[in-house]
Amino acid sequence: MAETRTTAEIVAQCQALFDDLEFTHSRRWKEAAPGRKVVGYLPVYVPAEIIHAAGMLPLGILGGGENLEVIHGDAYYQSYICRIPRSTLELGITGKFDFVDGFLFPSICDVIRNLSGIWKLLFPKVYVRYFDVPQEFTDDVGGVYYEKELQELREGLAHLGGRPITDEALRTSIALFNENRKLVREVYDLRARTPWLTPTSEVYLVMRAGMVVPVEEHSALLREYLAAVQAEPRPMRDNCRVILNGVFCEQPPLNLVKAIEMSGCYVVDDDFMLVNRWLLDDVPTSGDPIQALARAFLHRSAETAAKYQPDLAKKGQYLLDAVRDRAAEGVIFAAPSFCDPALLERPMLESRLEKVDVPHIGFKYAENSGQMQPVREQAGTFADSIKLWSSP
Amino acid sequence: MVVTAGIDVGTGCVKAVLFGSEGGKTTWMGRHLERIRQRDPYQLAEEAFEAVLAQAGLPRKEVAYVATTGDGESLTFATGHFYSMTTHARGGIYLDPTTRVVCDIGALHGRAIRTDERGKVLTYRMTSQCASGSGQFLENIARYLGISQDEIGAISQQGKTPEKVSSICAVLAETDVINMVSRNISAANILRGIHLSMAGRVASLIKGVGGVEGTALMTGGLALDAGFVAALADSMAEVKSALVVKSHPDAIFAGAIGAALWGAFRHEKLRARGLGGAAGRAA
């Protein structure tokens with residue numbers, strides 16, 4: 001019987017994966033069998049099922065984090081651009097991705113789109129694809145387009161891997177990712193119910209591990225974490241319940257998450273790394289798998305700043321729903337500096353919250369922000385104002 | 001009676017208090033102050049909590065809410081944490097109900113906090129990161145001059161021709177002081193000059209939170225420095241402020257007092273929502 005690990009041991013493993021900018025775990029996976037390939041992807045969503053069905057490892061690339069010094073990357077972007085493309089370039093130029101065979105750049109914003117062009121120029125021997133997703137959500141228009149986009153991706157990866165990607169392989173991968181998404185939802189639901197058992201600084205690391213390990217391994221890790229945290233009592237604090245919004249692309253430093261929690265907030269929902277929470281429920285494992293993935297994207301995917309909402313009346317409704325469903329008492333908007341999607345979305349979301357008297361604060365960060373005192377100050381006073389002055 | 005504890009983990013000292021609340025009346029049941037002196041502040045906080053419990057003759061389980069403030073967020077036995085501005089404002093109102101501005105000058109920073117009569121923070125101004133407006137800087141200078149902390153206030157008030165120091169940078173200010181010593185400037189005039197320089201900064205902070213009447217109550221470690229309180233009163237008179245600068249013998253406990261009282265308030269609020277005891281008692 002396998003030895004049961006404690007929460008601390010599981011989180012320590014995830015922390016080590018998080019800190020490792022050499023991506024050792026992913027490299028070892030590739031080296032474990034001849035012919036294996038790794039395909040990296042940037043935020044905010046790609047159908048990792050197709051990469052998996054090609055027999056490849058999907059590798060989530062979320063920038064260089066707080067400990068990477070950016071030297072080369074700054075040469076490619078002007079100063080008023082966020083940090084994630086610079087640190088990603090830094091990792092690429094310094095050879096940290098020398099084991100990665102392909103890169104997908106989703107259509108999150110112009111900066112990431114342009115990064116796909118820079119990547120093609122810098123790394124001409126690597127498979128690079130700008131992965132464009134529809135902003136029109138009917139089956140006949142956006143659906144037709146997106147199915148073709150998925151099909152092109154399927155063919156591109158099949159060419160890279162030297163073998164076709166069968167429907168059966170796709171269905172198997174969809175089932176594995178369904179299982180993973182179900183476990184991710186379980187962790188998020190558990191955190192919303194008992195946030196003192198599952199600090200977000202831990203949940204974040206556990207989710208982040210899923211960016212660099214195979215999905216099967218990550219699902220096992222999630223099961224292990226769920227069992228461990230529920231077996232270890234932790235004291236409940238009198239904290240207020242908040243939702244963290246705007247953190248879906250460039251990631252905040254872990255200390256920022258810790259600062260928010262230490263200031264008296266339980267984060268009961270967030271939009272970190274939406275790739276594992278983008279599709280809201282199971283993708284059908286019968287029928288045409290490409291069509292199933294396309295329909296899931298069109299009709300059952302998360303609403304965020306990265307997705308167009310044609311109906312203004314529904315703009316921000318997802319956040320109001322989350323506030324209600326998670327019993328949140330406030331919203332903390334944290335967005336990377338110069339993040340167009342998050343910062344342009346924020347005023348619209350704020351106005352929706354104000355109409356229903358949900359308190360909120362906002363600040364900006366970069367992945368290497370070091371000074372947490374202002375965050376502690378804002379989050380601390382925000383938590384106090386909710387705890388002391390909210391009604392009743 | 002609802003018993004609550006407040007624990008303020010500061011940069012220089014750990015303060016703990018115990019309060020009982022019943023029918024709108026509060027009773028101060030215990031207090032303990034410990035200088036950190038390079039020891040583990042969390043261990044000291046636990047000992048301080050035990051000390052106030054011993055004073056009141058109560059076991060831990062009788063405490064309905066243990067509230068931390070300052071750097072005490074990670075104390076494992078706490079029920080909740082309040083930010084230091086929130087607690088100093090409430091503590092200031094407890095110590096002097098006429099308080100409308102609290103000046104919390106601690107070891108590493110200074111703040112002017114404008115409050116209403118309930119202790120609700122309305123606005124605030126804070127010193128920047130430089131330490132030249134802080135108690136730690138003053139302690140360092142006193143040590144260089146061979147003066148104990150307890151003597152600073154009395155000696156400063158003897159200074160008749162104070163020498164101003166840089167109010168911007170602690171490093172430059174220390175250089176200023178070295179120059180003064182080499183020019184045979186008396187310790188009294190040096191300390192008075194530092195007090196006036198720091199008071200000028202604090203007066204600017206107070207001015208920044210709005211022109212109100214009432215009491216500007218000093219809290220934090222420097223509230224006990226009579227020389228600084230006198231210098232601040234002079235600086236406030238210079239800027240023609242209607243606020244009356246005061247200190248209080250228990251001013252150093254203001255943060256811990258505010259934490260304990262907000263803890264009682266919060267406990268009542270949770271109880272009204274049917275969540276009494278939901279956020280655990282002291283373990």
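Two strands are taken to pair if DSSP finds at least two bridges between them. In the predicted model described here, strand β1 (residues 2-9) of chain B and strand β2 (residues 13-22) of chain B pair in this way, in the antiparallel sense and over eight bridges. Within the pairing of these strands, B:Val9 stands opposite B:Val14 in β2(B).

These two strands belong to an open sheet of five strands in chain B, whose order is β3-β2-β1-β4-β5. The pairing in this sheet is mixed. Strands of a sheet pair through backbone hydrogen bonds, either parallel or antiparallel. The edges of the sheet in chain B are formed by β3 (25-35) and β5, each of which pairs on one side only. Two helices of chain B lie across strands of the sheet. Helix α1 (residues 41-56) of chain B lies across β1, β2 and β3 of chain B, and its direction is at about 35 degrees to β2(B). Helix α8(B) lies across β1, β2, β3, β4 (63-70) and β5 of chain B. The angle between α8(B) and β1(B) is about 140 degrees.

Chain B is divided by the domain assignment into domain 1 (2-83 + 253-272) and domain 2 (97-247). The C-alpha centres of domain 1 of chain B and domain 2 of chain B are 27 Å apart. Contact between the domains involves six residues of domain 1 of chain B and seven residues of domain 2 of chain B. On the side of domain 1 of chain B that touches domain 2 of chain B, two residues are nonpolar, four are polar and none is charged.

A further pair of strands in chain B consists of β9 (residues 214-219) and β10(B), which run parallel and are joined by four bridges. In this pair, B:Gly214 stands opposite B:Leu243 in β10(B). Together with α7(B), the strands β9(B) and β10(B) make a right-handed β-α-β unit. The loop between α7 (226-238) and β10 (243-246) of chain B contains B:Lys240. Phi of B:Lys240 is near 55 degrees, which is a positive value in a residue other than glycine. Most residues other than glycine have a negative phi, and most peptide bonds are trans. B:Lys240 is exposed, because 7 other C-beta atoms lie within 10 Å, and a residue counts as exposed if that number is 12 or fewer.

Chain A also contains an open sheet, made of four strands in the order β6-β5-β7-β8 with parallel pairing. The edge strands of the sheet in chain A are β6 and β8, each pairing on one side only. From one strand to the next, the twist of this sheet averages 30 degrees. Strand β7 (residues 330-336) of chain A and strand β8 (residues 360-365) of chain A pair in the parallel sense over six bridges. Along this pairing, A:Val331 stands opposite A:His360 in β8(A), and A:Ile332 stands opposite A:Ile361 in β8(A). Helix α13(A) packs on the sheet and touches β5 (240-245), β7 and β8 of chain A. The direction of α13(A) makes about 170 degrees with that of β7(A). β7(A), helix α13 (residues 340-355) of chain A and β8(A) make a right-handed β-α-β unit.

Two loops of chain A have backbone features of note. The loop between β1 (38-41) and α3 (48-53) of chain A includes A:Val44. The peptide bond from A:Pro43 to A:Val44 is cis, with omega near 20 degrees. A:Met273 is placed in the loop between β6 (265-270) and α11 (289-299) of chain A. Although A:Met273 is not a glycine, its phi is positive, at about 40 degrees. A:Met273 is buried, because 23 other C-beta atoms lie within 10 Å, and the cut-off for a buried residue is 20 or more.

The contact between the chains takes 14 residues from chain A and 19 residues from chain B. On the side of chain B that touches chain A, β5 (80-81), α2 (84-95) and α8 (254-272) of chain B each supply at least two residues. The most is given by α8(B), with four residues. By class, the residues on this side of chain B are nine nonpolar, seven polar and three charged.

Methods: Residues numbered from 1 in each chain as written. Chains lettered and ligands numbered in written order. Predicted model: local features only at pLDDT ≥ 70, side-chain atom pairs only at ≥ 80, totals over all residues. Nonpolar A, V, L, I, M, F, W, Y, C, P; charged D, E, K, R; others polar. Domains from an automatic or database assignment. Axes fitted to C-alpha atoms, helices over the stretch in contact; angles between N-to-C directions. Right-handed = clockwise from strand over helix to strand, strands pointing away.
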